[in-house]
Amino acid sequence: RYRDPEAAEKMNPFAEQEAWEEHQIGKATIKFGSKDRKQAADDYQYVFEDGVEFIKASVMDGTQFEDELSSGNDDSSDAKTMLEMLQEDRKSLPIYPYREELLKAIQDHQVLVIVGETGSGKTTQIPQYLHEAGYTKAGKIACTQPRRVAAMSVAARVSQEMGVKLGHEVGYSIRFEDCTSEKTVLKYMTDGMLLREFLGEPDLASYNVVMVDEAHERTLSTDILFGLVKDIARFRKDLKLLISSATLDAEKFSDYFDSAPIFKIPGRRYPVEIHFTTAPEADYIDAAIVTVLQIHVTQPLGDILVFLTGQEEIETVDEILKHRIKGLGTKIAELIICPIYANLPTELQAKIFEPAPEGARKVVLATNIAETSLTIDGIKYVVDPGFCKIKSYNPRTGMESLLVNPISKASAEQRAGRSGRTGPGKCFRLYTKYNYDHDLEENTVPEIQRTNLANVVLTLKSLGIHDLVNFDFMDPPPSETLLKALEQLFALNALNSRGELTKTGRRMAEFPLDPMLSKMIVASDKYKCSDEIISIAAMLSVGNSIFYRPKDKQVHADNARMNFHTGNVGDHIALLNVRSMKRARDIRDQLEGLLERVEIELTSNANDLDTIKKAITSGFFHHSAKLQKNGSYRTVKNPQTVYIHPNSGLAQVLPHWVIYHELVLTTKEFMRQVTELKPEWLVEIAPHFYQLKDVDDSGAKKLPRGTGRAAL
Ligand code: CDP
Ligand code: MG
């Protein structure tokens, strides 16, 4: 496409700009821009055979604040301690000039909605201001985050700023990891964890302030928290409630909280140039990689932030970028690649906050987490493919899926804004202006309207909230989703036919797990294999990082994994065989503690795999599938064609009947974590859900539709 220099010049996204003068590429200085456009085009063509073509569309407003920024920068001396420097940093944040005003507003109002751009200091500063103003004398301050990585990293930062050890005065609490102590007064936690704290402390008596942070994300737990904290604020007049959000869509929060006042922290952002591609990109991964390289070889130093949809994509881009950079040799400056996603080991997460060394450029490959939850300083360029993974739920089939979807306009604006924090920025959108205008929704649909609610319903029921239809939802979930959740909990025997919590349900609610997993644990009591079952549950909770497959060592990793599949025992059992997983072991320890609480004895039945499989079936009987002639499977209820995931130990075995942990849709609908099953167990274990005809295995010859029932 770009064989001739003229075309190369035309496709060069940066050719239209006059301002590029010289650019240092490795040791050579290459002149770009108007001085010698032909030469520039040649060089450009040398680096890229094919490229992404952009046009500049608009400039997002910014506010200039050089003078404020430069103050305090000049007198940096080695004598300053780390703590002093951090204190200066705190004073340079946009929120700082509003400290007194904000404290006054909090004093005057019980509920306050706080709006301020990402990076203004809401999350790290407001709890500290309150602490400094004496609020922690009367109780703790909770600050909720939708993501656990954010809760951990922000708590670490605040403990540094306060000069205390993490876990002492400042701590965090995420599922299966409690880094707090008696001393803790500032507690950063996931919204899901605060929700669980209601179970033990329905009026949150030990808290003086609750800050529901990142409210604009509208996660399921945040939405449920809204209803609960609004309720307790009515009878606990001493409790302060802060709802903080990064977007200007604050009126909705204010309306919901009985017209609570809105406190706006004026943004301080440099202008951001928005670029769109001139034509749609067929492969956004490839386009993202090429764009990063284009920026790297043609644009002044400054870090790049790329938004990708998940771990797998991030690893792919990481690998290809490394490869292509190597191919370019020493002609170009060093490019440091930093991935960040929820399952990334904590030690590696810190890397994204480290500044790039002199002369090098950092490229951060992030999931949505970098959209508002995490602020990474020094980002000058944003590459936005325009996609994210979104959970969706079909209440009719009860199937949940995580699919790559276009982002909303609100998200696109947030992403672009990430580039203008420390200087004028540029955002490269890998979609056209037309796409943006016509195809993107204004806002993301709140999670409560696109997820399975079984877990939430179980939690609410155990909080004594029975009338779910009249619960004060900000945006109510579809009624068929609520109904489906009730049905599912009934099938699991967690609720009785009147919708009341059963003893099994009460026990299940003690576990911070999805109902199917907690049912599996509760059922293990009967099968005398709780020891094995909590190990499996712990492993499943760690996610798919157990069998870590680094891109460059996949064959090795796969061989190692297959060693655990002795005798085709199935994936659930194979998990049992993996040792030395610290996190899984921690989780397991906690589950063991919870077993005691619900009075289930720890018993091992390792020699009888059938009992273990039956306990699994007790939780996951909804997820059964039967082998078809062509090697695919058919789910039994709500028939659908699915396949065993190629990573499964049973992928070659193809048992007649299986149950699976979850479905993932990639090229096909795959079952992940699969275990063989005897069909009669379904009827034995869930007679209210399966009848003999569902599991009748004799039938190679299928009766015509309609006559089946009569024949039986
Ligand atoms: O919550 P909000 O987006 O308003 O800002 P914040 O998270 O409180 O971040 C304020 C500043 O703290 C950022 O600009 C970062 O410089 C710094 N910060 C950091 O260095 N490391 C973190 N883990 C979190 C924040
Ligand atoms: Mg924040």
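This report describes a ligand shell, an annotated domain and a helix pair in a predicted model.

Residues are numbered from 1 along each chain as its sequence is written, and chains are lettered from A and ligands numbered from 1 in the order in which they are written. Local features need pLDDT of at least 70 and side-chain atom pairs count only at pLDDT 80 or more, while totals for chains, interfaces and linings use all residues.

Ligand 1 is surrounded by 16 residues, a residue being near if its C-beta atom, placed from the backbone, lies within 6 Å. The closest are Lys122, Thr123, Thr124, Ser153 and Arg157. Helix 6 (122-132) and helix 7 (148-162) are the elements that give two or more residues to this shell; helices are DSSP runs of H or I with at least four residues, and strands are E runs of at least two, numbered from the N terminus. Helix 6 gives the most, with four residues.

The axes of helix 20 (residues 515-527) and helix 25 (residues 609-620) come within 7 Å and cross at roughly 140 degrees. Axes are lines fitted to C-alpha atoms over the stretch in contact, with angles from 0 to 180 degrees between N-to-C directions.

An unreviewed UniProt entry annotates residues 291-464 as "domain: Helicase C-terminal"; such annotations may be inferred rather than shown by experiment. Over residues 291-464 the chain is 34% helix and 25% strand, with the end C-alpha atoms 53 Å apart.
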